[in-house]
Amino acid sequence: MDESYARAAALVARHPHRARLRRVGTSRAGTPMWLLSVGRGSRHTLIVAGPHANEPVGGATVLRLAERALADPRLSDAADTTWNLLLSLDPDGSRRNEGWLRGPYTLGHHFRHFFRPGFLEQPEWLPDGAAGAVLPETRALLDLQDELRPFFQCSLHGVDVGGGFVELTRDLPGLAERVAHVAARFAIPRELRPYDTLYWPCLGPAVYRIPPPRRGDLAAAITEAAVESTWFHPHRHGTVTAVVEAPMWGVAAVEDASPAPEADAVLRTVSRGLRRDTRLLEDLLTRVRPFVSGAPDAARFLAPVDDYVLVGPGLADSWDPDVHDGAARPLPPLDTARLTTLAISGRRVALRTAGLLHQLVTRAGHDPVGALPELDRLIDQWCADYRDGYGARWIPVARQAEYQARVVLAAFELAAGRPHLPGPAPQAPCPDTRADSHSGEQGWSSEPAVPMHRE
């Protein structure tokens with residue numbers, strides 16, 4: 001966090017007449033929230049980094065975008081546009097992830113230092129509507145949206161394991177083709193059937209439309225847009241919002257739209273595995289809660305653990321072909337990409353829970369029930385499943401950020417109605433798309449890793 005601010009301040013010092021840095025809010029822990037603005041056009045963009053604490057690539061992306069806007073007047077002065085770049089929406093949560101940001105970039109190291117706040121403490125969501133928003137980070141973002149009235153807003157997210165995709169509040173025709181072009185250039189797998197968009201309209205391969213918010217339960221909050229969010233809040237100002245997801249570890253199979261043999265058998269295995277893993281973790285939570293509750297910041301770590309343990313069984317039931325619930329929404333047609341995504345999502349719930357429990361016990365300073373060896377075994381086993389079973393491979397940070405920045409620029413140009421560079425040949429519609437990826441090739445990851453804060 002400190003280095004992001006220092007780099008932004010240095011950029012402003014080099015371009016004092018075209019770039020500004022101002023404090024637009026203060027986090028719950030008293031951390032300043034900084035907005036970097038480039039250009040002086042009458043039309044505004046708002047680019048939000050760090051909406052989820054465990055997704056750090058946006059911090060590098062906003063600095064790249066600022067440098068591009070300063071270097072290319074077509075993006076700012078000629079477009080009558082001011083670029084407004086929020087360095088982090090959740091600076092406190094981002095600090096809690098700093099344990100893995102300097103490497104080594106292994107799955108085990110990542111999940112043992114993973115942090116993401118509980119659902120009700122994530123500043124992008126508005127579970128009680130904008131008027132009921134209480135988090136200071138959320139209020140700062142809402143105030144910015146109403147002040148700037150951006151024609152284009154972008155929320156920069158990261159996928160821990162999987163592929164890249166984009167979610168839009170309004171269609172931007174041509175974006176899917178441009179995403180395909182950028183992904184191919186940087187060997188980023190596109191996630192054709194993301195779990196987040198399970199029931200959302202598809203606008204093209206790896207591009208989805210976010211449905212308007214409606215009420216629902218916690219398990220449905222993402223896949224069915226069950227709550228209000230800051231993505232839709234500026235809709236009243238004519239804003240189009242793009243959520244741009246960039247993967248940290250890529251999996252080639254998430255863009256394989258070929259028919260999936262034995263789909264029901266795979267779903268049974270995934271569902272039963274998630275139920276089994278949730279029971280294991282629930283038992284561990286019961287054992288460790290009495291002695292970790294007094295550890296530093298324990299409530300912040302226990303909140304997401306409780307969320308994951310709560311939603312795990314419901315997710316398993318919603319995927320299991322043997323569970324007949326008349327109220328449950330049937331799954332969309334299954335292919336290799338969607339089955340892979342569901343399996344990765346189930347494993348993600350378990351790994352995040354185990355990683356948070358591991359930190360809770362470690363921070364408590366003692367382990368009277370012997371939980372750490374068991375948690376280490378589970379984390380190692382599940383990370384090996386990602387690595388060996390799904391071929392998850394680390395994507396260097398520079399490539400993540402460049403991919404994300406170029407997708408943002410593509411969406412910006414389409415939202416602004418500006419001419420753009422010729423794209424690739426038209427793509428097939430969503431159901432029939434199959435793309436090749438280099439994500440599983442030998443040597444695709446870079447070792448030794450460069451520390452993320454320096455890359």
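A residue counts as buried when its relative accessible area is under 20%, and because Ala 206 in this predicted model has a relative accessibility of 0%, Ala 206 is buried. Ala 206 sits in the loop that runs between β8 (202-204) and β9 (207-209), and its phi is near 70 degrees, a positive value in a residue other than glycine.

A second residue with such a backbone angle is Asp 80, which is not a glycine and yet has a positive phi of about 50 degrees.

Turning to the protein as a whole, the chain forms twelve helices and twelve strands, and buried residues make up 58% of its 455 residues. Of the contacts with a sequence separation of 6 or more, 81% are between residues 24 or more positions apart.

Among the helices, α8 (residues 263-292) can be followed through two packing arrangements. With helix α10 (residues 336-364), α8 packs at an angle of about 10 degrees, the two axes being 10 Å apart, and because this angle is under 35 degrees, α8 is roughly parallel to α10. The residues of this contact divide into 21 nonpolar, two polar and two charged. Leu 342 lies in helix α10 and is buried, with a relative accessible area of 1%. Leaving aside neighbours within four places in sequence, Leu 342 is in contact with Tyr 195, Leu 198, Leu 267, Val 270, Trp 319 and Leu 334. Between Leu 342 and Ala 316, which are 26 residues apart in sequence, the C-alpha to C-alpha distance is 9.9 Å.

With helix α11 (residues 371-389), the axis of α8 crosses at roughly 155 degrees, and the two axes come within 11 Å; because an angle over 145 degrees counts as roughly antiparallel, α8 and α11 are roughly antiparallel to each other. The crossing of α8 with α11 is left-handed. On the α8 side, Asp 277, Leu 280, Leu 281, Leu 284, Arg 287 and Val 288 meet Ala 371, Glu 374, Leu 375, Leu 378 and Trp 382 of α11, and the residues of this contact divide into eight nonpolar, no polar and three charged.

The cysteines remain to be considered. A disulfide is a covalent bond between the sulfur atoms of two cysteines, and the structure holds zero disulfides. Cys 154 counts as buried, at 0% relative accessibility, and Cys 383 is buried as well, with a relative accessible area of 3%.

How values were computed. Residues numbered from 1 in each chain as written. Predicted model: local features only at pLDDT ≥ 70, side-chain atom pairs only at ≥ 80, totals over all residues. Heavy atoms only, no water. Disulfide = S-S within 2.5 Å. Buried < 20%, exposed > 50% of the residue type's maximum accessible area, 1.4 Å probe, protein only. Axes fitted to C-alpha atoms, helices over the stretch in contact; angles between N-to-C directions. Helix = DSSP H or I, 4+ residues; strand = E, 2+ residues; numbered from the N terminus. Parallel < 35°, antiparallel > 145°, perpendicular 65-115°, else oblique. Nonpolar A, V, L, I, M, F, W, Y, C, P; charged D, E, K, R; others polar. Contact = heavy atoms within 4.5 Å. Left-handed = near helix turned anticlockwise from the far one by under 90°.
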